[in-house]
Amino acid sequence: MAGIVSPGPTALYFTSSNLGARRLKAVSWSGKSVSGNVLRRRNLRIAAEVKFVNAEEAKKLIAAEGYKVVDVRDKTQFERAHIKSCHHIPLFIFNEDNDLGTIIKRTVHNNFSGLFFGLPFTKLNPEFVKAVRNEFSQDSKLLLVCQEGLRSAAAASRLEEAGYDNIACVTSGLQSVKPGTFESVGSTELQNAGKAGLITIQGKISAVLGTVLVCALLFITFFPDQAEKLFPPS
């Protein structure tokens, strides 16, 4: 355990757990002088912890420690695939604002990221913390999941600020989960829920074009006379 003592009546400590968590503890004291002696009394203890775990460790947290799964992805990825019986509370929601600036940004987004990667145009959910509070008390054990691990980490930070101490995140997100690790619901596997748009058919297009070129080469090689009639030299 490493400690950092501040000039004031507060000490900060960092501790580590066997699940890769880093815990920050802040302890403060109030004091007064009696007969020349300073009496210090601990009056505040704040402990915040986020566990970063892999898929197998996450399963143990759910089964053995009663963690509840909270999926913070947007609606489109959630509907493609999600862990069965999880709670869906998105950190980002569809941005349907109609001011001029948002319309321009949405148009640009939809013609690039939306078209090629199938990413929706979203904004931060202003009701995220409130929605979590409506379903879970501050002493609840929450396992936050997203597709790549970034949104769950951001969500964990917001919930820590709101007073939630028992939070875990799946490192690298659901894209790192092997098929069959969790019982899932949806049209695809959990690790593929982030794949959409033209990029998903890029491989198929390349395979078709490759097949056509190989067939054309074989035709020209074995039937040169017919090929010359079909493709006369200019």
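This is a predicted model: local features need pLDDT of at least 70, side-chain atom pairs count only at pLDDT 80 or more; totals for chains, interfaces and linings use all residues.
Me: Before anything else, what do buried, exposed and partly exposed mean here?
Reply: Buried means under 20% relative accessible area, exposed means over 50%, and partly exposed lies in between, with a 1.4 Å probe and protein chains only.

Me: Where is Ile104 found?
Reply: In helix H3, residues 100–111. Helices (H or I, at least four residues) and strands (E, at least two) are DSSP runs, numbered from the N terminus.

Me: What does Ile104 form with Leu100 and Val108?
Reply: A nonpolar patch on the surface, with about 300 Å² of accessible area for the three together. Patches take residues with over 30% relative accessible area and no salt bridge; like charges are joined within 9 Å, and nonpolar side chains (Val, Leu, Ile, Met, Phe, Trp, Tyr) within 5 Å. Areas come from the Shrake-Rupley method with a 1.4 Å probe, and for residues only the protein chains shown count as cover.

Me: New topic. How many salt bridges are in the whole structure?
Reply: A search finds 6. A salt bridge is a side-chain nitrogen of Lys or Arg within 4 Å of a carboxyl oxygen of Asp or Glu.

Me: Which residue does Glu183 pair with?
Reply: Lys84, at 3.2 Å from N to O. This pair links distant parts of the chain, 99 residues apart: Glu183 is in the loop between strand E11 (166–170) and strand E12 (184–186), and Lys84 is in the loop between strand E6 (81–83) and strand E7 (87–88).

Me: Is Glu183 buried or exposed?
Reply: Exposed, because its relative accessibility is 55%. Lys84 is at 44%, so Lys84 counts as partly exposed.

Me: And where do Glu79 and Lys75 lie?
Reply: Both are in helix H2 (residues 75–80), 4 residues apart, which is about one turn of the helix.

Me: What about Glu148 and Arg151?
Reply: Their side chains form a salt bridge too, at 3.3 Å from N to O. Salt bridges with shared partners join Asp74, Glu148 and Arg151 into one network.

Me: Is Arg151 buried or exposed?
Reply: Buried, because its relative accessible area is 14%. Glu148 is partly exposed, at 34%.

Me: Switching to Gln147. Where does it lie?
Reply: Gln147 is in the loop between strand E10 (142–145) and helix H6 (150–161). Gln147 has a relative accessible area of 1%, so it is buried.

Me: What does the side chain of Gln147 reach?
Reply: The backbone oxygen of Leu190, at 3.0 Å. The Gln147 side chain also makes a polar contact with the side chain of Arg73, at 2.8 Å. A polar contact is a pair of N or O atoms within 3.5 Å; within protein, one must be able to donate a hydrogen and the other to accept it, and residues adjacent in sequence count only if both atoms are side-chain atoms.

Me: Last one: how many helices and strands are there?
Reply: The protein has 8 helices and 12 strands. Of its 234 residues, 31% count as buried.

Conventions. Residues are numbered from 1 along each chain as its sequence is written. Side-chain values use heavy atoms; hydrogens and water are left out.
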